[in-house]
Amino acid sequence: MALESTSLLKAGLLLFVAAQVLPSSVVSGCNRVFYEGMINEHCLAKFKLDMGALDQGLWCSWRDTMEIYERLTNCTYQVALRMDCYWPNQIIDSFFMQIHRIYFHDCPLTGRLLHDPPTSILAPFIAVPVLVTLLMTALVVWRSKRTEGVL
């Protein structure tokens, strides 16, 4: 029993050292250079075509770009699965940062075009406090003019 636990400990230590010493591509089976080439060739090429077909004024409209962006995300995920790579990873992070720098750099942070809310929503938020203020002012004035019961 002690011999088995010692050999398990040695095997675990060997795996730990191998994971630290060997490059991550050797341990995980992911060829980083080939993976980058594949996502550029398959995913980015299709994304560029789709975004090129879309009017540049609509690039910041999530409603118009959501399907294109989801296809790009799914493509990178599928390539990662086929190539035995983790997803997401550093390659994907830098890939999407580059996509955002090129295509979405002028978009607002929320991803939507900013505009005022409709009047039907805005009016109650303005009218109710104004009416409550007027009502309270009238109540205070009316109460101060009534002197009944005051000696």
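Trainee: What separates arginine 71 and glutamate 67 in helix α4?

Mentor: About one helical turn, because arginine 71 and glutamate 67 are four residues apart in helix α4. Helices are DSSP runs (H or I, at least four residues), numbered from the N terminus. Please keep in mind that this is a predicted model, where local features need pLDDT of at least 70, side-chain atom pairs count only at pLDDT 80 or more, and totals for chains, interfaces and linings use all residues. Residues are numbered from 1 along each chain as its sequence is written, and side-chain values use heavy atoms, leaving out hydrogens and water.

Trainee: What makes glutamate 67 exposed?

Mentor: Exposed means over 50% relative accessible area, buried under 20%, and partly exposed in between (1.4 Å probe, protein chains only). Glutamate 67 has 53%, so glutamate 67 counts as exposed.

Trainee: And aspartate 50, buried or exposed?

Mentor: Buried, because its relative accessible area is 14%. Aspartate 50 forms a salt bridge with arginine 71, with the closest N and O atoms 3.0 Å apart. Arginine 71 lies in helix α4 (residues 62-82) and aspartate 50 in helix α3, so the pair ties together parts 21 residues apart in sequence.

Key
A salt bridge is a side-chain nitrogen of Lys or Arg within 4 Å of a carboxyl oxygen of Asp or Glu. Helices (H or I, at least four residues) and strands (E, at least two) are DSSP runs, numbered from the N terminus.
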